[in-house]
Amino acid sequence: MENPRDRILMCPPDYFRVDYVINPWMAGQESSLDIELATSQWRGLRDAIAGCAEVVEMRPEPGLPDMVFTANAGAVYGNKAIASHFMPHERRPEEPYFEHWFRDNGFTLLDLDDNIGFEGAGDCLRDRRGPWLWTGYGFRTEIEAHAKIQDFFDLEVISIRLVDSRFYHIDTCFCPLSDGFLMYHPPAFDYDSRIAIESRVPPHKRIVVDTRDAGDFACNSVNIGDHVFLNRASEPLKARLMLAGFRVHEIDLSEFLKAGGSAKCLTLKLNEPVVA
Ligand code: ARG
């Protein structure tokens, strides 16, 4: 299942801080961040991923503490990208840096209306088997973005409504895995969205994540081939993943959880093969 050519974009945490509160995890964390620990945790994740993929690093910018979360740079499909338009004004100054990075690296960009919220791969995930995108809305991405994504990428968008503010990006509660497996935390979605998920993913491919594991950001995993990199998973969840054929790597990312992010948020997969 390994694909040695996977390319993963990351941004070093040189200026990472919890300076403002734009999701429930950040509340009260302003002074508790250990930046040295964050740096060694980030390097641990980078080095682990570099064992099975190519890690591309972009330059961090002073004063942009959340830029480390490259999942929110934009969404990528083939040589096309849609750069994010952040909902919280605190993150809007990151937009030109991500946009330039995509342009400088040969991606064709969609000019998405400024007044439509869209937070990139945080809310837009390729299914690993079917030709569609699981796309979240409700907190950081607006439903108005969905049709534009579908038109620009020429790929079906399945709209998934997020209903729990702790799981404000779809990648915090939903993780498509190789061979059509799916890790997800059902209470994070509304009823119709759960039906949409269940109608596309057969029961033996669904890996239900409970509140405790979801709170440890287990769904926020990086999946490369049969490797799954995540912050932490309970023994039953690890056993379930192993039974499905995955190798689970736990990498403590405690400092990033204080900003409401974890492994997947810290990465952006740059090679999303186009459906023939
Ligand atoms: N503090 C960041 C924010 O709230 C965390 C982003 C996490 N990214 C993600 N893809 N879930 O925007």
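The legends below describe close-up views of a predicted model. Local features require pLDDT of at least 70 and side-chain atom pairs pLDDT 80 or more, while totals for chains, interfaces and linings use all residues. Residues are numbered from 1 along each chain as its sequence is written, and side-chain values use heavy atoms, with hydrogens and water left out.

**View 1. Phe 69 and Phe 256 form an edge-to-face aromatic pair.** Rings of Phe, Tyr and Trp (its six-membered ring) pair if their centres lie within 6.5 Å; planes under 30 degrees apart count as stacked, over 60 as edge-to-face and the rest as tilted. By this rule the model has 15 aromatic pairs. In the pair shown, the centres are 6.4 Å apart and the planes stand at 90 degrees. Phe 69 belongs to the loop between β2 (54-57) and β3 (74-77), and Phe 256 to helix α7 (residues 254-257), so the contact ties together parts 187 residues apart in sequence. Helices (H or I, at least four residues) and strands (E, at least two) are DSSP runs, numbered from the N terminus. Both Phe 69 and Phe 256 are buried (under 20% relative accessible area; exposed is over 50%, partly exposed in between; 1.4 Å probe, protein chains only).

**View 2. Phe 181 pairs with Phe 246 and also carries a lysine over its face.** The two rings are edge-to-face, 5.8 Å centre to centre with 85 degrees between the planes. Phe 181 lies in the loop between β9 (174-176) and β10 (182-184), and Phe 246 in the loop between α6 (235-243) and β14 (247-250), so the pair ties together parts 65 residues apart in sequence. Relative accessible area is 11% for Phe 181 and 3% for Phe 246. Lys 205 lies over the face of Phe 181, 4.2 Å from the ring centre (NZ of Lys or CZ of Arg within 6 Å of the ring centre and within 35 degrees of the ring normal).

**View 3. Helix α1 (residues 35-50) has buried residues along one face.** The buried residues are Ala 38, Gln 41, Trp 42, Leu 45, Arg 46 and Ile 49.

How values were computed:
The expected span of a helix is 1.5 Å times one less than its number of residues. The arc is that of the directions from the helix axis to the C-beta atoms.
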